[in-house]
Amino acid sequence: MEIIKMSEDTWRIEDNDVRFFLLAGKKKALLIDSGMQVHDAKEIAQQLVSLPIELLNTHADPDHIGSNAEFEAFYMHSAEASNYYNTQKRTGNFIPIENGDIIDLGDRKLEIITIPGHTPGSVALLDIENRVLYSGDTVQDGNIFMFGVQREIHAYIQSLNKLETMKDRFDTIYPSHGTIPVRPELIAQLQEAACSVLEGKAEATDAEFHGMALKRYDVGCAAFLCEH
């Protein structure tokens, strides 16, 4: 694990192949996800800020919810509840969030953007004044998982289209995997690449994940892992 201070009020915590973020305002701080192998994210955050700390999950895959048990409640989209409680078998209470909701940390407003596809309840956060998008797993240049019942590439493409229409509102993207930062131009590249996979135009190689046979589509800007 590595803690990197990105600005006076923003940190990222590198937890092997995934990262999560701590954002501080004047009144409270927010963890964006809670790690994979790390199970003391709140304790780590309390060493960095002397503010009340809340948690938001961009989605409920296991590499993003490692420290959720430290919190009595956490922000999450209701479409992600089945993934969290049924697929991942986790417990706890979530505070539902919807597209356009604002979380105000005190002179620092974060806007919720729903981006289903990678999972049904995936969300991004827009740090409005700082013009930074926290994109979860949806916009990144690493391996993008598109296999399993909760993933859907048609919805993923539509979410990229949505972000593309909003890109005049952010200059930088901080993803949970891969290179950080990435540029907004990656959104259109991923949209074109995902369409090529959907339409059968992209070439695949065989891959596997925990014994599951997959197809890996290396499309240059990222790689999609799919069931076929």
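The charged end of lysine 42 sits over the ring of phenylalanine 71, 5.1 Å from its centre, where sitting over a ring asks that NZ of Lys or CZ of Arg be within 6 Å of the ring centre and within 35 degrees of the ring normal. Arginine 151 places its charged end over the ring of phenylalanine 147 in that sense, 5.8 Å from the centre.

Before I go on, please keep in mind that this is a predicted model, in which local features need pLDDT of at least 70 and side-chain atom pairs count only at pLDDT 80 or more, while totals for chains, interfaces and linings use all residues. Residues are numbered from 1 along each chain as its sequence is written, and side-chain values use heavy atoms, with hydrogens and water left out.

Let me stay with phenylalanine 147, which is buried, with a relative accessible area of 7%, whereas phenylalanine 145, at 21%, counts as partly exposed; buried means under 20% relative accessible area, exposed over 50%, and partly exposed in between, with a 1.4 Å probe and protein chains only.

Turning to ring pairs, a search of the whole structure finds 10 aromatic pairs, counted when the ring centres of Phe, Tyr or Trp (its six-membered ring) lie within 6.5 Å, with planes under 30 degrees apart called stacked, over 60 edge-to-face and the rest tilted. The rings of phenylalanine 74 and tyrosine 84 have centres 5.0 Å apart and planes at 50°, so this pair is tilted. Both phenylalanine 74 and tyrosine 84 are buried, and Phe74, Tyr84, Tyr85 and Phe94 form one aromatic cluster.
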